Amino acid sequence: MRLLQFSTSHYCRKARLALGYKHIPYTVENLTPGAHVLKLKPLTGLKTVPVLLPEVEGESTAIADSTHILHFLERHQPDPTFFLADPQLQTEAALLEDWLDESIGTATRFVYYDFRRGDGKQIDPSLSSQLVIQVVRWQYDMNPAAVELARQRLAIAFAALADRWKSTPYLVGNQFSIADIAAAALLSPLALIPVYRQQQSWLFDRIREIHQLCGEPLPPGMRDGDEG
């Protein structure tokens, strides 16, 4: 299988965690933002990553959207599963995954890029990096009011997830699920922001455990030698 991605995208990290948990061999193709549209539009009709190319006879030629990728992987290789046998618990996990995908992943993006253009500029002060940050901020209209709303959404997410993850390794039931994958991936960019590393250490403990379970390298901010 081949994963078309941006190497820094937390939504692409979500797909990689799922592939790793399933022990499915794959290769990655890192696309260039902007030029990526020329490759993706003919494949999916969309402009977003990740896109999975199963390269398996009889399967779809391209699967867009991280949630669709997780569902495809579960059908393609049910064992080990990240779907819950109890339909009610699986619905709860799916709702959590959707909330993390549609709201919290976006909030993470806003707060992360606001940090990278300010206190986090020293992470990569190069002109090319700062230009990408400015383009992303413009693309998503990341004004101060929107960033503040994103911070508030993250505070709600921390409170909701802490009730589950501080006392158990799993967000839903007694089994690893798509909710755990989504949370570990979509909150991972916050590892570079010191205030979150200091105040939400339990969160990064879980993120570390899930990356180790899935055989995925830790995100920036959590690797040996990283500060914080």
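## Buried and exposed

A residue counts as buried when its relative accessible area is under 20%, as exposed when over 50%, and as partly exposed in between (1.4 Å probe, protein chains only).

What you're looking at is a predicted model, where local features need pLDDT of at least 70 and side-chain atom pairs count only at pLDDT 80 or more, while totals for chains, interfaces and linings use all residues. Residues are numbered from 1 along each chain as its sequence is written, and side-chain values use heavy atoms, with hydrogens and water left out.

## The overall fold

Count the pieces and you get nine helices and four strands (DSSP runs, numbered from the N terminus: H or I of at least four residues for helices, E of at least two for strands). Along the sequence they come in the order β-α-β-α-β-β-α-α-α-α-α-α-α. The radius of gyration is 17 Å, close to the 17 Å from the globule rule for 228 residues, so the chain is as compact as a globular protein of that length. Here the radius is taken over C-alpha atoms, and the rule is 2.2 Å times the number of residues to the power 0.38.

On its principal axes, the C-alpha trace spans about 45 × 45 × 35 Å.

## A look at Ser-129

Ser-129 sits in helix 5, which covers residues 127-139. Its relative accessible area is 12%, so Ser-129 is buried. Beyond its neighbours within four places in sequence, Ser-129 is in contact (heavy atoms within 4.5 Å) with Arg-116 and Asp-124.
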